[in-house]
Amino acid sequence: MIRTRVGYAGGSTDNPTYRNIGDHSETIQLDFDPTLISFEEIVELFWKHHNPLYEGRPRQYLSILLCHNPLQVEQAQSKKVKWEHIWGGSIQTEITACRSFTLAEDYHQKYYLKRYKAATETLLRLFPDHAAFIDATLTARLNGFVKEFGSWNEIKAEIRQWGHSERAKIALLGELDHLRW
């Protein structure tokens, strides 16, 4: 993933917030490199890592898959049929076009990573502001890492492949070696 951010989407309420979400759902926005992972692979992970059969969720916690073009809607619907057979039931997930996305409040961003206060304080010093911290590929990957998606060695190997200068990569890897979890 290039970037992950949490927010509100799928509804029509102006300026939704956590306390005034209206008809939106809590969502995660993914920016990805389609040369590294396809939309269909992301949809497979989506179906695999949550229970889409559950009914009766309030709109705020609705299982929803928001797509950015008709091809994505078609691919998501196709995968839905496959996963209904795997799950053995009718998937309740709403699949629809993403009309808008409102970024959630800062305290919701990189929620799992922020549980590691010393590491977060160190990381925040690497960015010019909190928005850059939220938008960074590094923090997206580390937020997943602390939720046990990927290993420390995988993240370091990935950083070595990023398009930064060798000096910048060495400095970043040095900072990461000193993080206190």
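Ile 28 counts as exposed because its relative accessibility is 52%; exposed means over 50% relative accessible area, buried under 20%, and partly exposed in between (1.4 Å probe, protein chains only). This is a predicted model, in which local features need pLDDT of at least 70 and side-chain atom pairs count only at pLDDT 80 or more, while totals for chains, interfaces and linings use all residues. Residues are numbered from 1 along each chain as its sequence is written, and side-chain values use heavy atoms, with hydrogens and water left out.

**Surface patch and strands**

- Ile 28 lies in strand E2, residues 25–31; strands (E, at least two residues) and helices (H or I, at least four) are DSSP runs, numbered from the N terminus.
- Met 1, Ile 28 and Leu 30 make a nonpolar surface patch of about 240 Å². Such a patch is made of residues with over 30% relative accessible area and no salt bridge, with nonpolar side chains (Val, Leu, Ile, Met, Phe, Trp, Tyr) joined within 5 Å. Accessible areas come from the Shrake-Rupley method with a 1.4 Å probe, and for residues only the protein chains shown count as cover.
- Thr 4 lies in strand E1, residues 3–9, and is buried, with a relative accessible area of 11%.
- Not counting residues up to four places away in sequence, Thr 4 touches Ile 28, Gln 29, Leu 30, Lys 110, Ile 134 and Ala 140; contact means heavy atoms within 4.5 Å.

**Nonpolar cores**

- The largest nonpolar core has 18 residues, of which Leu 123, Leu 138, Leu 142, Ile 159 and Leu 176 touch the most other members. A core is a set of buried Ala, Val, Leu, Ile, Met, Phe, Trp, Tyr and Cys residues joined through side-chain atoms within 4.5 Å.
- Helices H3, H4, H5, H6 and H7 each give two or more residues to this core.
- A second, separate core of nine residues includes Cys 67, Ala 76, Trp 83 and Ile 91.

**Salt bridges**

- The structure holds nine salt bridges, each a side-chain nitrogen of Lys or Arg within 4 Å of a carboxyl oxygen of Asp or Glu.
- Asp 135 and Arg 3 meet in one of them (3.6 Å, N to O). Asp 135 lies in helix H4 and Arg 3 in strand E1, so this pair ties together parts 132 residues apart in sequence.
- Arg 5 also forms a salt bridge with Asp 135 (3.5 Å, N to O).
- Lys 156 and Asp 177 form a salt bridge, their closest N and O atoms being 2.6 Å apart. Lys 156 lies in helix H6 and Asp 177 in helix H7, so the pair ties together parts 21 residues apart in sequence.
- Salt bridges that share partners join Arg 3, Arg 5, Asp 31 and Asp 135 into one network.

Terms used: Patches are made of residues with over 30% relative accessible area and no salt bridge: like charges are joined within 9 Å, nonpolar side chains (Val, Leu, Ile, Met, Phe, Trp, Tyr) within 5 Å.
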